[in-house]
Each structure stands twice: as structure tokens, then as C-alpha cells.
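Q: Please take a close look at a single aromatic pair and its surroundings, and describe them in one connected account.

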Amino acid sequence: AALTRATLSLHGRRAASRYPAGIRMMSDASLAERARALGVKYLLISFDDLFGTTRSKLIPTTAAESVETDGAGFAGFAAHFDMTPADPDMLAIPDPSTLVKLPWDKEIGWVASNLVVRGQPLLQGPRNRLKDMCDDLLESRGLVLKTGVECEFFLLNKDSIQIADGYDTASKPCYDQSALMRQRGFVCELNDAMQEMGFPPYQTDHEDANGQFECNWHYDHALTTADRHCLFKFTAKSLAAKYGMRATFMPKPFSNLTGNGCHVHVTLHCAKNNDINIFKSGKSREDATDLLSETGKYFVGGLLAHARGLCAITNPSVNSYKRLSAPVTASGATWAPATATWAGNNRSHMIRIPDAPRIEFRLPDMSANPYLLPSGILAAGMLGVDGKVDPGKPSTENAYASGTETKEDAITLPANLLDSLRALEDDKKLCRAIGKECTDALVKLRKVQWGDYTRHLTKWEL
């Protein structure tokens with residue numbers, strides 16, 4: 001009974017399907033019914049741990065009914081959670097509304113899950129936290145967070161040492177048509193797969209580094225986007241392997257090339273007022289920042305004020321800080337911020353307002369957890385809204401003109417992972433807003449990882 005109550009609290013009221021007919025079925029259908037309708041034989045019961053590593057069990061669809069009720073058991077300590085071998089099983093309860101058939105392996109269905117321990121939702125579970133925060137936002141304020149992500153990745157050869165396309169050597173390769181078309185087979189199959197799974201892309205391009213690509217799909221409810229973010233990474237890696245390559249989302253795999261960012265586009269919508277975007281000012285504008293309402297600007301203020309602590313969420317790996325602190329690359333810009341500043345339609349700052357009433361948050365990289373990322377953004381932004389935090393005057397400078405932002409009163413971002421973890425620990429308001437159980441566990445595990453890194457002897461030291 002306790003498990004049934006936990007399952008209901010995780011899934012909540014059955015929402016209408018967010019996907020086209022044929023991709024996701026009627027909202028009240030069970031996991032077993034959806035699996036039969038899709039014609040899949042097996043299911044990947046999947047979840048992301050605190051480090052954003054996707055964990056799964058493969059089950060036959062004949063077991064779908066029992067797994068939906070009882071969950072699939074995992075040893076939580078064996079993944080990146082603050083748990084021990086003495087803890088009971090962690091149960092992954094699949095969310096049937098997320099089930100999709102994998103286009104490259106049509107016998108397999110993929111489904112996102114929420115985590116339960118001792119009959120209660122796991123408080124450090126990333127998807128649990130995002131869902132709870134979004135539910136609270138809707139219930140207490142009548143608002144919906146919508147996000148869109150720009151996912152960047154490199155295509156490498158099988159040994160991950162070199163870029164897969166040996167001809168991709170241009171000094172300014174961004175939007176290179178020839179380099180894009182040499183990977184046409186992979187790119188088109190990736191686009192087709194996304195279309196089949198219900199989140200059709202609207203553009204794919206060759207990005208600023210050699211061997212680097214980006215794929216964009218339409219924004220949606222933050223939880224929906226996070227699920228798709230996970231699924232996109234899995235899809236890109238799977239299809240790259242099919243073509244004899246490896247897709248990497250590492251923030252900075254090459255010191256001389258632009259890193260893999262994960263820019264997030266953010267809006268808040270009023271659920272009871274025709275889904276209106278409350279970041280929209282309705283004013284005529286002289287600058288793109290005039291498009292933002294007072295609420296939107298306060299949200300920006302929150303992101304700026306909590307940027308240092310937020311880095312532990314948006315840039316959570318040792319390698320992340322090779323991207324943030326990088327010198328100008330061969331292409332002419334790092335595309336990553338070094339200080340917490342904002343501007344209009346100006347890509348050289350941490351926050352850009354791109355000629356539309358939305359916030360483009362350019363700090364995160366592709367090592368960010370797809371669920372903790374929007375959780376952190378929502379927490380920091382709403383602290384700004386509640387505190388009416390003035391973001392200050394937007395910058396009009398080219399922040400890359402001298403290799404770093406020059407605004408005197410700008411907050412400097414952490415130089416490394418340890419600094420960001422300490423900043424998060426010190427930001428008590430942000431930790432409470434995200435969920436202290438979650439941030440405490442994240443900081444503890446990442447500090448262990450930092451210790452492993454500092455004990456590693458590098459070639460540079462020799």
C-alpha cells in the first residue's frame with residue numbers, strides 16, 4: 001500500500017499525452033497496454049543518477065504489469081547516490097506516459113522512471129526533484145516552467161582519440177555545409193529517430209569546433225524536455241556506434257576547440273490564462289532586454305545572484321572548468337562565459353535575451369544532469385522573483401574582446417569544481433530551494449570525485 005501511494009505521488013494525476021497519436025497512446029493506458037500497442041517485446045526501465053548517468057534494466061513486456069506496480073529493483077549505492085550496501089533496494093517505478101519505441105531497435109521500448117525507497121520517493125532522485133518542483137510551481141503559483149535545450153556533441157572515432165571525419169579541419173568550421181553532409185547518414189537517421197519518438201527536430205548544424213554538431217527540438221514543459229534530453233543523448237550515442245563512431249558530450253574534449261555547451265531557453269507560463277508567457281513585457285523595445293517583463297528580469301537577477309553555487313549543477317564535472325576558463329579557440333571565441341553577466345542579443349555573456357521574451361542561459365555544459373539542470377534554474381530564478389532581485393543594467397560590451405568579461409561588479413564564476421561545490425554549500429537558499437537532501441548528496445559524491453582527480457598524476461606535471 002505504501003508503494004502504491006508513493007507511485008501515485010510520483011506520477012500524480014494522469015496528464016494528457018504530450019506526444020502525437022501513435023507515438024504515445026491514451027493517457028490512462030497502463031505500461032503493458034502501451035507496450036502491446038507499440039509492438040515492443042522488451043522494456044528499458046531507465047533513470048538518471050545524480051551524475052546524470054543513465055541506469056537501466058531490460059525486462060520482457062510480460063513483466064510490465066508487475067514492474068509498473070512494484071518497480072524494478074536496484075542497489076542504489078552501486079549508482080551515483082549517497083547510499084550504502086546496508087540500504088534497502090531502490091525501486092524504479094516507470095512513468096508509462098514516457099514510453100517510446102526505439103527506431104533503431106524496434107523490439108525495445110524506453111521508459112523514464114521515478115525512484116522509491118522504503119515506499120517513499122527518493123529525495124535525492126533527480127527526476128523526482130524536478131517533478132516535485134514543477135508540481136509545486138503549478139499548485140502554489142499557477143505557473144509552468146518551459147525549457148528548450150541546445151545539445152552539442154562531438155563525433156569521434158571508435159578509440160575516442162580523433163575526430164571521426166579526417167577532412168573536418170577548417171579553422172572556422174561552424175555551419176560548414178561540406179562537413180555536415182559528410183555525416184549525412186548519421187545526421188539524417190538521428191533526425192528521423194527523433195521524429196519517430198515524438199520530438200521532431202527543427203534544425204541540425206555543424207557547430208563551432210571540428211567534429212562538433214548540435215541538434216535542436218521544440219521547447220516544452222521542463223519535465224518533458226528533461227526526458228527528451230536523456231533520450232537524445234542515448235539516441236545519439238547508439239546511432240553513432242552504428243556508424244562506427246562515438247558521440248561524446250564531454251564539456252571540453254579538446255583543449256584547442258570549442259567545448260560542448262548546453263544552452264537552456266527558459267520561459268514561465270500562466271496555466272490559467274491561455275498559457276501566456278509571463279516573461280513577455282508587451283512593451284515596445286529599444287533593446288532586446290526590453291522584451292522581458294519585470295518578472296522575467298527578476299528571474300534573471302536570481303540566476304546572476306546564485307550563479308556561483310548554480311555552477312555545481314550546470315557545470316558539475318572536473319572537465320567543465322576547462323570550458324569555462326578556456327582561452328579563445330582557433331575559431332575566435334570560447335562561446336562560454338567567465339563571469340555572471342547579462343545582455344540583449346549578445347552571445348558573449350552568461351545570459352542572452354535573443355530578440356524574444358525568453359531567457360537563454362549559456363552557462364551549462366553537456367555534463368549537466370538533464371533533471372537537476374532545470375531544477376537549479378527554476379530554484380535560482382524563483383529566488384530572484386520572490387526577492388525582487390534587480391539584475392542591474394544589461395551589458396552592451398563584447399565580453400570576449402579581452403578574453404574575459406570586463407564588467408567591474410560582475411560575479412566571477414568558480415575556477416574549478418571544488419570552488420563550485422563550496423559555493424553551492426554556502427548558498428543555503430539555493431540548496432533549500434532545490435532540496436537539501438539532493439544537494440548534500442551531490443556535493444558529497446562530487447567531492448569524492450574531486451579527490452580522485454587531485455590524486456591523479458598528469459603528463460603536464462612530468
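A: Buried means under 20% relative accessible area, exposed over 50% and partly exposed in between, with a 1.4 Å probe and protein chains only. The model is predicted: local features need pLDDT of at least 70, side-chain atom pairs count only at pLDDT 80 or more, and totals for chains, interfaces and linings use all residues. Residues are numbered from 1 along each chain as its sequence is written, and side-chain values use heavy atoms, with hydrogens and water left out.

At 11% relative accessibility, Phe74 counts as buried, and Phe47, at 4%, is buried too. Rings of Phe, Tyr and Trp (its six-membered ring) pair if their centres lie within 6.5 Å; planes under 30 degrees apart are stacked, over 60 edge-to-face, and the rest tilted. The structure holds 14 aromatic pairs. In one of them, the ring centres of Phe47 and Phe74 are 4.9 Å apart and the planes meet at 85°, so the pair is edge-to-face. Because Phe47 belongs to strand 1 (residues 42-48) and Phe74 to strand 3 (residues 72-74), the contact ties together parts 27 residues apart in sequence. Strands (E, at least two residues) are DSSP runs numbered from the N terminus.

Lys57 lies over the face of Phe74, 5.2 Å from the ring centre; this requires NZ of Lys or CZ of Arg within 6 Å of the centre and within 35 degrees of the ring normal.

Phe74 also has a bridge partner in strand 4, Met90. Three bridges join strands 3 and 4, which run antiparallel; two strands pair if DSSP finds at least two bridges between them. Four of the five residues of strand 4 (residues 90-94) are buried, so the rest of the structure largely encloses this strand.
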